[in-house]
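I set out below what I looked up in this structure, entry by entry.

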Amino acid sequence: MTEPIVSVRHAVKTFKASKGGLGSKAKFVHAVNDVSFDIQPGETFSLVGESGCGKSTTGRLIDHLIEPDSGEIWFDGKNISHLSEKEMRPLRADVQMIFQDPYGSLNPRIKIQDQLGEPLLLHTKLSAGERLKKVQELLETVGLSASHGERYPHEFSGGQLQRIGIARAISVNPKLMIADEPVSALDVSIQAQVLTLMKKLQSQLNLTYLFISHDLSVVEMISDRIAVMYLGTIVELADKRDLYARPIHPYTQALLSAVPEPDPTIKKDRILLEGDIPSPVNPPSGCLFHTRCAYCTERCRQERPEAKDFGNGHMVKCHLTEKFAGK
Amino acid sequence: MSEEIKKAPQEPAVNEAEALPKAQNQFHFYVKKFARRKTALVALIFIALLIVVAIIGPAIAPYDPATPDYSSYLTGPTAKHLLGTDEFGRDVLSRIIVGSRLSLTCALSAVIVGAALGTLLGLLAGYYGGIIESIVMRGSDILFAFPDILLAIAIVAILGPGTLNVIIAVAVFTVPSFARIMRSATLQVKNSLYVEVARSLGCPDRRILWVHIFPGTIQSMIVNFTMRIGTAILAAASLSFLGFGADVTVPEWGAMLSTARNYMTTAPHLVYAPGIVIFLTVLAFNLVGDGLRDTLDPKLK
Amino acid sequence: MEDKILEVRHLTTEFKTGKNTAVTAVSDVSFDLARGEILGLVGESGCGKSVTSLSIMGLFEDTAGRVAEGEILFDGMDLTKLSRKQLRTIRGKRISMIFQNPMSSLNSCMRVDAQLIEAIRLHNDLSHGEARKRAFDMLEAVGIPDPEQTLRSYPHQLSGGMSQRVMIAMALCCEPEMMIADEPTTALDVTIQAQILELMKKIRDKNNTSILFITHDLGVVAEMCTRALVMYAGRIVEEASVLDLFANPIHPYTKGLLASMPRLGADILDLTSIPGSVPDLSAMPQGCKFAPRCPYATARCRESEPELLPVPGAAGRRCRCFLYGADAEKEAKA
């Protein structure tokens, strides 16, 4: 096994939700609760889950936009968990991020070509003319024309802006691309444009992707390995084919069955979960999923499950796996 | 799933599919939007004329503002002296025209200095927070606690009278309003996604502040700028009125008002002329400020 | 079609953009909704589906929008011709609406019980106590585990799923004959969405309520609806039963949409996309509005706009396309 490009070891991150004082204790949002995984170079690794599961926070930890409270984040062989901003800066060319909101991630007052050229300005020694040339090439790589560089963000559609965001991210040949819900804000017919572009670029430029999304269909299409997150922990991690064919954790099973299929002839036997997703301010004791699990036992209420290996890198955190593994 | 397609599909040309609507010139858009506000437009024309008058002042003044004419003093408006004469027989109209130069330069310089300093402090306070923010904000609070004029008088009393000191005094009480406005504008822009993106790209602080944050805050500053010019004119005039202003030989609207007090019953025209001009100028700047604020508001047409 | 509760004929809605200019958001929309049926109105952003629903409810008074043409026959009555007072007696009682974002559709300054009671007493002659009992029953019926606690809460204290259930309860409290659901589950997590969709199906089964279900998610359409209308650029481009629509889409836009949808079990290499983007409302192309993005577009498509015509040989199907609609047969014969 080659050296992983990203290694997350027991990362924990909490945010302060409200100050205490005057009789009430301070409230904390337990965003990330002991998360560990590796990303191999050249693969597409996805974090999938519903709101409050901590996937975006994990992405930000890996990009060093926030620091973990405990645990370690390793990138490209270096421990970046507590680097200062100055020390991190030279590494930033190697890890780039694509954001969910295509309209918000570009500065409305700066021309597209200047924004595309910014990573080049910061990380390379190219002259202004060379930068402009590279920018024009980038625009064409993502399916736009060089003349679009003179325009401002508000003149473009969401799908075009997202492609511009991707162009900016690949301009400095990063090793890792973190895509945080890159297609969630786009229309379905445009999603395909962006996803196909991402796949094409991956093989052309030998990129590694960390793909964060709540959409299981999209994740299945683009990933090699997938980690399912719930309330800040990874409940199941497996190869794409394994996960979709043989989901073991009850949450993964429920999640997959909840996705509406665009085929009216399929009558799904739906697993309906009881109740709402608990708030990350007050995570349940024991197994974080026990409040909604149909198979909950006393042990599930008390004890947090350890990760169990099912072969071929398929990892599950559940006390009752013998029951499900057969399914 | 799909039925047989009738003929081979061809990719619609990139140009047709990706075509953008015609580029809109931002500047023209804002100019046209401003022009729709008639009162602001009229006010802007007035200010433009005023500036022209201030620049070419002495050339168009019918008489030399300093030359006394003891044969006709304290006369009301006549054909010879359109706004009458003062106690030394000097033509009031000429004094108003030449006086505009001093009033406007004083006010403009004061506001420019105050805005520059206040903007810098506000940006730094908003971006870095912490102790810088505490110092700047508490300092502004202290300055705000004083009524503008009182503060200006105190400063001039310490520094002594004179045009430069008037400018300094007005600049000082202009700083806090800019610092406050720029700090809150900075805080707002600082939390935008594109600033976070810039940081994730590895942008150093200085570049984030000036290239990404500052342009987003200019809008808030412009409106305040025009409003404060009006206040500054009033302040400079008040200081002169109270005797702290410039050298008495140079005509200045506030100073003219001050001496006119003594002749209110006998020669009221001496009060009206400078009074009305000050009023119109301050009003015009405020109207332009209003118009600018409406123009820059994306929610208004 | 059997008993129709809603018949929309040639609905056109415009928005004023200036003194003498207007943009047409919805143009020539006609469809029927039968009693007890769930009809899907599908399209992407900007296609006019929300505007259609708001036009039906008459929610454009006092805004820049207005219904320029067309009739909206609800149980035989033309809603466009009713006075405000008459519309108000229908809204909430016979037709009700659920919106996309429950957080912003509920009044955040009023407790849940106050809002429900208000909705109930507007259309029913009940005392405060009786209305509260009804509110309690409604919350129970929509599957809220602790109705008393929820009644006493403010909307911001509820989760997304709970708020949407409260919205549904409010929409149902007067047992309407028709419900318009505008993207009711788009803002919800997928496991919560599953719960809400099950709930809506239960309601339709119990009360025979007709539902006009507006969404961009074809998966939801496949699951919930019996028939579907596909909209693009303010126009209906295809109408079919859901089985027909997925098995055999006709309009190039529908085909493109289905081919670009990520779905479980498909490979990314199978995914195609529709190039370009939706035209700007104020700068619509002449001719067919989909032509700039259509792989089959001909010169005729770019010059004149096709009409929504029945598809020959297929009952209950309509299509707005020169190549596939009733014109196509004529073309082929010629």
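**Entry 1: Met224 of chain C**

I located Met224(C) in helix α9 of chain C. The model is a predicted one, and I read every value below as computed from it. Is Met224(C) buried or exposed? I found 24 C-beta neighbours inside 10 Å, and because the cut-off for burial is 20 or more, Met224(C) counts as buried.

I then looked up its partners, leaving aside neighbours within four places in sequence. Met224(C) is in contact with Ile38(C), Gly40(C), Leu197(C), Lys201(C) and Phe213(C). For Phe213(C) I noted a separation from Met224(C) of 11 residues in sequence and 8.4 Å in space, C-alpha to C-alpha.

**Entry 2: where chain C meets chain A**

I recorded 39 residues of chain C in contact with 38 residues of chain A. Which elements give two or more residues to the chain C side? I listed α7 (160-172), α8 (190-207), α9 (218-224), α10 (242-247) and α11 (252-260), which belong to chain C. Of these, α8(C) gives the most, with seven residues. By residue type, I divided the chain C side into 19 nonpolar, 13 polar and seven charged.

**Entry 3: helix α8 of chain B**

I turned to α8(B), which covers residues 193-200, and noted Tyr194(B), Val197(B), Ala198(B) and Ser200(B) as buried. Seen down the axis of α8(B), these buried residues fall within an arc of 160 degrees, so they line one face of the helix. I recalled that an α-helix has 3.6 residues a turn, so residues three or four places apart point the same way.

What covers the buried residues of α8(B)? I found that the cover includes β6 of chain A and α9 (205-241) of chain B. Just after α8(B), I noted that Gly202(B) takes a positive phi of about 100 degrees.

**Entry 4: the sheet of chain A**

I traced an open sheet of eight strands in chain A, in the order β6-β7-β8-β3-β9-β10-β12-β11, with mixed pairing. The edge strands are β6 (95-98) and β11 (307-309) of chain A, and each pairs on one side only. From one strand to the next, I noted a twist that averages 20 degrees.

How do β6(A) and β7(A) run, parallel or antiparallel? They run parallel, and four bridges join β6(A) to β7(A), residues 176-180. Within this pair I found Val95(A) opposite Leu176(A).

Helix α1 of chain A (residues 55-62) touches β3 (44-48), β7, β8 (208-213) and β9 (225-230) of chain A. The direction of α1(A) makes about 150 degrees with that of β8(A). Helix α6 of chain A (residues 158-170) touches β6 and β7 of chain A, and its direction makes about 175 degrees with that of β6(A).

**Entry 5: chain A as a whole**

I counted 12 helices and 12 strands in chain A. Its C-alpha trace spans about 70 × 55 × 45 Å along the principal axes. Buried residues make up 47% of the 327 residues in chain A. Among contacts in chain A between residues at least 6 apart in sequence, I noted that 64% join residues at least 24 apart.

Technical notes. Residues numbered from 1 in each chain as written. Chains lettered and ligands numbered in written order. Predicted model: local features only at pLDDT ≥ 70, side-chain atom pairs only at ≥ 80, totals over all residues. Pairing = 2+ DSSP bridges. Axes fitted to C-alpha atoms, helices over the stretch in contact; angles between N-to-C directions. Contact = placed C-beta atoms within 7 Å. Buried ≥ 20, exposed ≤ 12 C-beta atoms within 10 Å, placed from the backbone. Nonpolar A, V, L, I, M, F, W, Y, C, P; charged D, E, K, R; others polar. Arc of directions from axis to C-beta.
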